[in-house]
Amino acid sequence: MTLLEKTATELLADLAAGRLSSAELVRACLEQIERHDGAVHAFLRVDSERALAQAKAIDERRARGDKLGPLGGLPVAIKDLLCDRDELCTCGSRMLENFRPPYDAAVIEKIKAADGVLLGRTNLDEFAMGGSTENSAFGPTCNPWDTTRIAGGSSGGAAACVAARMVPLSIGTDTGGSIRQPAGLCGVTGLKPTYGRVSRYGLVAFASSLDQIGPLAQSAEDAALLLEVIAGHDPRDSTSVPKEVPAYSKSVNKPLAGLRLGIAREHFAAGLDAEVERAVREAIKVYQSLGAKVVDISLPHGKYGVACYYVIAPSEASSNLARYDGVHYGHRTDVRIMSEALEAERAALEHGSAGRAAAEAAVAQLDTPLVRMYRQSRAEGFGPEVKRRIMLGTYALSAGYYDAYYLKALKVRRLIRQDYDTAFKDVDLIVGPVTSTPAFKIGEKSDDPLAMYLVDLYTVSANLAGVGGIVVPCGQSNGLPIGLQLQAPPFEEERLLRAAAMYQRETDWHRRAPTLA
Amino acid sequence: MTAPYTTIIGLEIHVQLATASKLFCGCSTRFGAPPNTQTCQVCIGMPGVLPVMNRRAFELGLRTAVALNCQIAPFTKWDRKNYYYPDLPKGYQISQYDLPFSSEGWLDISDPKGKIEPRRVGIIRAHLEEDAGKSMHDEAAGQADSRIDLNRTGTPLLEIVSKPDMRSPAEAKAFLTELKLLLTYLGVSDCNMQEGSLRVDANVNLHVHTPDGNVPTPIVEIKNMNSFRAVERALAYEAERQWQVWQETGQRLGQVPKQTRGWDDQANVTRGQRHKEESSDYRYFPEPDLVPATVTAAEVEQVRAELGELPAALRTRLESTYGITPYDSDVLVNQGRELVAYFIALADGAGDGKAAANWLQQDVLRELNARDLSIDKFPVSAARLAELIALVKKGDIDHTRAREVVFVEMLSSGKSAADVLREKGIERVDESELEALARELLAANPKILADIKQGTTKAAGALIGQAKKRNPNISPNRLLEICLAIAPGM
Ligand SMILES: [Zn+2]
């Protein structure tokens, strides 16, 4: 087994035993990135000097006998959506192409304090809006298993870099499935925690009531290690919940006895790829062989999840993204060219063939320079999907439509949450597919936003209900990974991790890595 | 002649709450710092930041709402008000829309001088929100240049919305004066209009009296009023303007969109503002970054118990306990809690509320104004002044001399009244001595004596100067009384 085929947990043991230095590990990661990221494009930026300096500093402290933090020199990749004062934070957007935040996100602080090495910044759909990482302003991330296919999204880079064994640990964010779906498509383990489990402070907001940060890694054991570091209450995030953080890494290998698994009949309806269904049902059999009981359940309102999500998330996004107006930071249109164009428009109207009164009326309708600056900066800075969602959200919140869209969506959201509450009276976990098909071809759905939105079918409900979910690789179809999703009641991340680890002790899907050219 | 219309006025007041830090971050709210020095990533709306509610601001808002007799919501949430402006760095303001923390209160207004009838003005709601920054437009040399100062961004504001219960500009001014006094007593704001800690917008229209009943005219919102005086003048102007418009057009409420007009204090007119700025859709929705705030009934009772005595109750108590007039109690209470405390100590010490009120208004306030002092810096304590008032009351010293000689000396030297009297040799002149002096003076001035006998009693006044030369300690009033009493027998 090569170095980078090892899990984070195995690497940490090597580091602790002195068989491996953090600098050696970081160098190996950098080499792997150097060799393969041209084809995969998981990373937007890798700061090898900074990473090596951090690694060496940690190695020195270890050599001195200092007690190190729980990540003990392990490299971590960060989705380019979390603020780090030593890094740009582009959010995959032209708008913030040169934006350097003046502060660290809570999760960045925690990873630094835990002696993680910040290796680089991973690619994503612009402002996390998308399910394929094709919406990145800096080009798509390719699936390491087949680089003509998508890596999923929006945390496509975060999943692909782990799948390609470029880094053992990675941070993603999940608003409607953005950790779990790319984890499934890339064949890695990804966990979306309960809303409120991890501080969102310093996470550039897409949809505030849905966003959550979580780990991606090779195994549940590794995800437990990273979740334990990043979870916990933060007084700077009013929506983070003051609950003790269990020692996930200690309990992850304890099996769960008498597990009751809920299978939602809605998850196995028309549209589910036969190969995916077969792999998921095989995985369930593994659980049954370990003593789990399977219970048929129903999540009747799940079918409205995508519609509900695509009202609530764009509504919040339309407001969250209003700050990118070219005034204080971020992209601003070239004001000189803009002013000249505006003057030219005015002159054309004034000297045009229309009558005097018509010309005056038309001039009065012209943008003020300020409004034109807003419009043009935003038109240039945002990509088409971001614009589409800003328009959807602005529309849904407008006077006269609010009740029919936003308020209705909030009601549906409550019903979806009730579905979960009801289901979790009878079962410990809900098990099912994470996507209806394996990874599709890059460009295949680019012209069909609605088809693209339906990719989130199995994942959005967890965000709407605020519950946690984990995805583990459970099979392959034509060499492409298939993921199994487990969902748990709020703040039962420990249960998710232990159940996932149970499965991973019986199978080796999570140990399989793509062969990269 | 009855007026052809009634003016209907409602007010919206924004009050900056006197917290040390902003509503959703830890930055200072101090006024006057160099631009953009009191900011952090949260209040300048950097990507990824989150607001955290300042509980202190909530408490000050709660205290005000309880003092305004409002209903307090057990559960209140925050909303986003979305609009674009360069001094609003997030592109939305965090405010409260459909579930404000308080509603349905009232404030009583009256005027002891009788300029307005007493009235209870309803409060529709009071809610919390964050302030925006300031845009400074520098258009020197024709080069338009705008600068933004974000120091004020995120400062806590309490927006108080009255019912349209006021019927004249004078009532509007009385409401604002009473509200400002209340806020000052509560210590929730410094209410400095120049620094923008108290801002007023008014909604005004007319109910025109016609044979078919009252007809409402379109409502106009007036902005940019920088003093209570400006509010009064702007409302008076606007009522007259609307009356003219009504006579010309007959436009009723609902026939034209609500208009916003700005008050031009130099030109004494209101001017229409651009239509575009009026027709905004703010797309309010619940702020997902904040959790709802809850208040228990016990907490409300606790706040109520700690309000202290508020102006209206205090006026009533001063009138009933100290026998002073509503006019006097109004003057004293309007000066603030500290002066009222001084008055109470003075009245109790002197055993005479009316005399204490007179001394306070005539001598103490004059001195405070002349020296631009607050009462806590006044050099004569209430106990010492009470001692002087008691001496006057006892007759040991004449009132005029007490004011002009003793009080002045007490002010400059800080000595007690008794010490000043001793040093200046001021002592009570007894009746027999006074009578002897009176006889002597009348005898020496036969013309005056004759005039008095003929009924020209004021002629006796001419004797005072001579008497004071003989003995500066005499009471002029008493001497005159004695002269008039003994003259007929001489
Ligand atoms: Zn601040």
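Reader: Why is the pairing of Arg315(B) and Glu178(B) called a salt bridge?
Author: A salt bridge needs a side-chain nitrogen of Lys or Arg within 4 Å of a carboxyl oxygen of Asp or Glu. Here the N to O distance is 2.9 Å. The pair therefore meets the rule. This is a predicted model, where local features need pLDDT of at least 70, side-chain atom pairs count only at pLDDT 80 or more, totals for chains, interfaces and linings use all residues, and side-chain values use heavy atoms, without hydrogens and water. Residues are numbered from 1 along each chain as its sequence is written, while chains are lettered from A and ligands numbered from 1 in the order written.

Reader: What are the domains of chain B?
Author: Domain 1 covers 5-299, domain 2 covers 309-424 and domain 3 covers 431-489. The bounds come from an automatic or database domain assignment.

Reader: How many salt bridges are counted between domain 1 and domain 2 of chain B?
Author: The count is 1.

Reader: How do you know that domain 1 and domain 2 of chain B are in contact?
Author: Contact means heavy atoms within 4.5 Å. By that rule, 8 residues of domain 1 of chain B touch 14 of domain 2 of chain B. The C-alpha centres of these two domains are 39 Å apart.

Reader: What area is buried between domain 1 and domain 2 of chain B?
Author: About 850 Å², with 69% from carbon and sulfur atoms. Pro112(B), Leu181(B) and Tyr185(B) supply 67% of what domain 1 of chain B buries there, more than any other three residues. Buried area is the accessible area (1.4 Å probe) lost by two parts on being put together, summed over both.

Reader: Why are α5(B) and α7(B) called roughly parallel?
Author: Their axes come within 12 Å and cross at roughly 10°. Under 35 degrees counts as roughly parallel, over 145 as roughly antiparallel, 65 to 115 as roughly perpendicular and the rest as oblique. So the two helices are roughly parallel. Angles run from 0 to 180 degrees between N-to-C directions of lines fitted to C-alpha atoms. A helix is a DSSP run of H or I, at least four residues.

Reader: Which residues meet between α5(B) and α7(B)?
Author: Among them are Leu314(B) and Tyr322(B) in α5(B), and Phe343(B) and Asp348(B) in α7(B). The contact has 7 nonpolar, no polar and 2 charged residues.

Reader: What makes the link between Arg200(A) and Asp289(B) a salt bridge?
Author: The closest N and O atoms are 3.0 Å apart. That lies inside the limit. The rule finds 1 salt bridge across the interface of chain A and chain B.

Methods:
Ala, Val, Leu, Ile, Met, Phe, Trp, Tyr, Cys and Pro count as nonpolar, Asp, Glu, Lys and Arg as charged, and the others, Gly among them, as polar.
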